[in-house]
Amino acid sequence: MTTPMTLRVNGSDHDIEVAPDTLLLDALRYECGLTGTKLGCGTGDCGACTVTVDGEAVNSCLVYVLECEGHSVETVEGVTASGIGAVVAEEFVKADAVQCGFCSPGIVMSTCALLARTEPGAATDEDIKEALAGNLCRCTGYLPILEAVRRASRTSR
């Protein structure tokens, strides 16, 4: 049995039909064709699937898509097309904070959620570490990532 719903993603409505147990991650990838959001652990531990719902960073592997009706979802495809998302992506490249890239979409999403709620230059190292605590990276190490977020934080938005 499927349920029709409208999912608002990156400012556009997607009319989809989903089973009651369909995860937001699966709807984004398979119903909306937005593959930037990655399945990592499937248990909410790694952050590879991070998106924002109404501006709050969430693990899309833990959220049923039906819970998102009437809310605004943003993915890495949406934020990197925006001003601050493009700046974040650029700073990650400049700081060599990207290697394999699998975790990068989730980290970019967590960073953008942090920067959306702080004034330019106001995010402290503690704020950054807290915002990124749910994102794991096995390749880069965290120092280049922290530097990229610091740089992006100083950019006016």
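Let's start with Asp96. At 57% relative accessibility, Asp96 counts as exposed. Exposed means over 50% relative accessible area, buried means under 20%, and partly exposed is in between, with a 1.4 Å probe and protein chains only. Asp96 sits in the loop between H3 and H4. Helices here are DSSP runs of H or I with at least four residues, strands are runs of E with at least two, and both are numbered from the N terminus.

A word on the source. This is a predicted model, where local features need pLDDT of at least 70, side-chain atom pairs count only at pLDDT 80 or more, and totals for chains, interfaces and linings use all residues. Residues are numbered from 1 along each chain as its sequence is written, and side-chain values use heavy atoms, with hydrogens and water left out.

Back to Asp96. What is its phi? Asp96 is not a glycine, yet its phi is positive, about 55°. Most residues other than glycine have a negative phi. Asp54 is another case: its phi is near 50°, positive in a residue other than glycine. Asp54 is found in the loop between S3 and S4. With a relative accessible area of 45%, Asp54 is partly exposed.

Gly55 is in that loop too, between strand S3 (50-53) and strand S4 (56-59). Gly55 is partly exposed, because its relative accessibility is 39%. Now take Gly55 and Ser104. They are 49 residues apart in sequence, and C-alpha to C-alpha they are 18 Å apart in space.

Next, Asp45. Look in the loop between helix H1 (24-31) and S3. Asp45 is exposed, at 52% relative accessible area. Which residues does Asp45 contact, leaving aside its neighbours within four places in sequence? Gly134 and Leu136. Contact means heavy atoms within 4.5 Å. Asn135 belongs in this picture as well: it is 90 residues from Asp45 along the chain, but their C-alpha atoms are separated by 7.6 Å.

Now the helices. Start with H3 (residues 83-94) and H4 (residues 104-116). Their axes come within 10 Å and cross at roughly 125°. So H3 is oblique to H4. Under 35 degrees is roughly parallel, over 145 roughly antiparallel, 65 to 115 roughly perpendicular, and the rest oblique. Axes are lines fitted to C-alpha atoms, for helices over the stretch in contact, and angles run from 0 to 180 degrees between N-to-C directions.

Who meets whom? From H3 we have Ile84, Gly85, Val88 and Phe92; from H4, Ile107, Val108, Thr111, Cys112 and Leu115. That contact has 7 nonpolar residues, 2 polar and no charged. Nonpolar covers Ala, Val, Leu, Ile, Met, Phe, Trp, Tyr, Cys and Pro; charged covers Asp, Glu, Lys and Arg; the others, Gly among them, are polar.

H4 also pairs with H6. Their axes come within 11 Å and cross at roughly 35°. Ile107, Thr111, Leu114 and Leu115 in H4 touch Ile145, Val149, Ala152 and Ser153 in H6.

Last stop, H6 itself, residues 143-153. Which of its residues are buried? Ile145, Leu146, Ala148, Val149, Ala152 and Ser153. They cover an arc of only 160° around the axis, so they are on the same side of H6. The arc is that of the directions from the helix axis to the C-beta atoms. What covers these buried residues? The cover includes H3, H4 and helix H5 (125-131).
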